[in-house]
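Let's take a walk through this one, stopping at a few helix contacts and a handful of individual residues. Have the 3D view open as you read.

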Amino acid sequence: MTFRLSFILTVLFVCTSIAQNGTPNDYLSAQFHKERREALRKKMPNNSVAVFFGNPVRNRANDVDYVYHQDPDFYYLTGYKEPNCVLVVFSNNQTDKDGKTYNEMLYVQEKNPKAEQWTGIRLGTEGAKKDLGFEVALNGKEFLSSGIDYMGFNNVLFKEFENDSRNSKRDKADLYKLIEAFKTQIGYDVKTEKQADSNLQNEINTKKSITAKKANTDTKSITTFMASLREKKSKEEMVLLTKAVRISAMGQREIMKAMHPGMSESEIQGVHEFVYKKYGSEFEGYPSIVGAGNNGCVLHYIENSKMKVENDLVLMDLGAEYHGYSADVTRTIPANGKFSTEQKLIYDLVYDAQEAGIATAKIGNSISAPDVAARKIISDGLVKLGIIKTADESRKYFPHGTSHHIGLDVHDPGLYNNFEENMVLTVEPGIYIPNGSDCDKKWWGIAVRIEDDILITANGPVNLSGEAPRKSNEIEALMKEKSVFDSFSLPKLD
């Protein structure tokens, strides 16, 4: 079954919009984030409060941290990309001491010229008001003694703590201290956790009368609420997500033209990621997977260390992240440009399974439908090829599910009920036959996965990543074309 790309072509794929200061200005709008908070508020119980914390800063080694990446839920609701932050959303309007009403509060990193010289300009409270549209924006240190009476709410909603933040001696309002303050204010049970030190207790300035009580907390509902919001994409989101997907498809196309047996797995990875950067993608949505031959049988193989791919099939599972939205596109191609007989038989079987899976991605069908359809094709095909004796054995060669949501997370949250319009999911069947498998040796080391990002529409499924060829003959044809990387060479190093 062939799917037209007319939807894709309606989304302008142009160079990143640039503001006068040279930075991109095509991010989600402040209005989008405000509407998402309103949508969340409608799902919250009466007289409830939801508290969200940003992601922690994670250390890579010694005094080097990983590039910071905001918690997707936090970004979805605020657009704020810096660490050490808290969002408080109230279901009902609150009144401050001056009689002004409000229903949300954003706590951000305080402006600090000395720190900003090293790590970049901070938005601050004024920036949060001007750029993000918050009427109430405060410095993080004010959350330590916020005065919010959590005991007065019927429900205090938050996600369970992961306890993966560090306590910085330099920052008096880092994420660790913000979370510890909140735990104290709601009477969180910390019997099994390391007690906060006395300095932190003084800093938070809590009262025994407060800690003796416990708020009515709920750590499950907020996850369900956010999943139900994020599983369907708005038009504004689709512009960014479609661009991430198309960038990823372009990476697959370019490596098809550039591929040759002398390349290394990491070089192949580099071609993909160069294309991403050329189109303005900030990051990869997940660690790039490039597995040649038997390495492709490792589902999340990220070492990418084989020095020559030779005549193997090369499984390439990579996705560009564009303004927070991540694609997830996989192609498997022959390094020498021509499928062998056995490679083609397995590849075409996976292709047929994917076609069957995509055909079921229609409104009202179960999200498990693509898996059922694809698994039937693969099971029957493996039996016919003599690789397995009964269909029940197929799971050892097709061990994973077929579909998941994509969006701000490569495995985006969702309720996983039936397909609804404006969901975007992968369809990704695969066959992996590791060396030493209980079948004819001629099949060993063949690994194939084909993965595309599918938009659910009223008119049927739309393959957003369809610009990267999927049919075996189309792949072979594109691999014969000249590559822009053919003339790229570097001096040899001793």
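Where is the place of S48? Look at strand 1, which spans residues 48-53, and you'll find S48 there. Keep in mind as you look around that this is a predicted model.

## S48 and its surroundings

S48 has a relative accessibility of 0%, so it counts as buried. Setting aside residues up to four places away in sequence, S48 touches V89, F90, S91, N92, F153, N155 and L157. One of those, S91, sits 43 residues from S48 along the chain, yet the two C-alpha atoms are separated by 5.4 Å.

## Helix 14 and what covers it

Which residues of helix 14 are buried? Helix 14 runs over residues 472-479, and its buried residues are S472, I475, E476, L478 and M479. They sit on the same side of helix 14, because the arc they cover around the axis is only 165°. Here's the background: an α-helix has 3.6 residues a turn, so residues three or four places apart point the same way.

What covers those buried residues of helix 14? The cover includes helix 10 (235-258), strand 14 (329-334) and helix 12 (341-359). Take helix 10: it packs with helix 14 at an angle of about 65°, and the two axes are 7 Å apart. Helix 10 brings R253, M256 and K257 to this contact, while helix 14 brings I475, L478 and M479. Sort the residues of that contact by type and you get four nonpolar, no polar and two charged.

## Helix 12 against helix 13

Helix 12 also packs with helix 13, with the axes 7 Å apart and an angle of about 155°. At that angle the two helices are therefore roughly antiparallel to each other, the cut-off being over 145 degrees. As for handedness, helix 12 passes helix 13 in a right-handed crossing.

Who meets whom here? On the helix 12 side you have L349, D352, A353, A356 and G357; on the helix 13 side, P370, A373, A374, I377, I378, G381 and L382. The residues of this contact divide into nine nonpolar, two polar and one charged.

## Helix 2 against helix 9

For another pair, find helix 2 (residues 30-43) and helix 9 (residues 221-230). Their axes come within 10 Å and cross at roughly 130°. Helix 2 and helix 9 are therefore oblique to each other, and helix 2 passes helix 9 in a right-handed crossing.

From helix 2, the contact uses R36, A39, L40 and K43; from helix 9, it uses I222, F225, M226, S228 and L229. By type, the residues of this contact are six nonpolar, one polar and two charged.

## Two positive phi values

What is the phi of N84? It's near 55°, a positive value in a residue other than glycine. N84 lies in the loop between helix 3 (72-78) and strand 4 (86-95). With a relative accessibility of 10%, N84 counts as buried.

Y416 also has a phi near 55°, again positive and again in a residue other than glycine. You'll find Y416 in the loop between helix 13 (369-384) and strand 15 (424-427). The relative accessible area of Y416 is 37%, so this residue is partly exposed.

Is E116 buried or exposed? E116, in helix 4 (residues 113-119), is buried, with a relative accessible area of 10%. Leaving out neighbours within four places in sequence, E116 is in contact with K111, I121 and R122.

E162 is in the loop between strand 7 (155-157) and helix 6 (175-186), and its relative accessibility of 63% makes it exposed. P56 is 106 residues from E162 along the chain, and their C-alpha atoms are separated by 9.9 Å.

K442 belongs to the loop between strand 16 (430-433) and strand 17 (446-449). K442 is partly exposed, at a relative accessible area of 44%. Its C-alpha atom is separated by 7.3 Å from that of E342, a residue 100 places away along the chain.

Notes:
Residues are numbered from 1 along each chain as its sequence is written. This is a predicted model: local features need pLDDT of at least 70, side-chain atom pairs count only at pLDDT 80 or more; totals for chains, interfaces and linings use all residues. Side-chain values use heavy atoms; hydrogens and water are left out. Helices (H or I, at least four residues) and strands (E, at least two) are DSSP runs, numbered from the N terminus. Buried means under 20% relative accessible area, exposed over 50%, partly exposed in between (1.4 Å probe, protein chains only). The arc is that of the directions from the helix axis to the C-beta atoms. Contact means heavy atoms within 4.5 Å. Axes are lines fitted to C-alpha atoms, for helices over the stretch in contact, and angles run from 0 to 180 degrees between N-to-C directions. Angles under 35 degrees count as roughly parallel, over 145 as roughly antiparallel, 65 to 115 as roughly perpendicular and the rest as oblique. A crossing is left-handed if the near helix is turned anticlockwise from the far one by less than a right angle, and right-handed if clockwise. Ala, Val, Leu, Ile, Met, Phe, Trp, Tyr, Cys and Pro count as nonpolar, Asp, Glu, Lys and Arg as charged, and the others, Gly among them, as polar.
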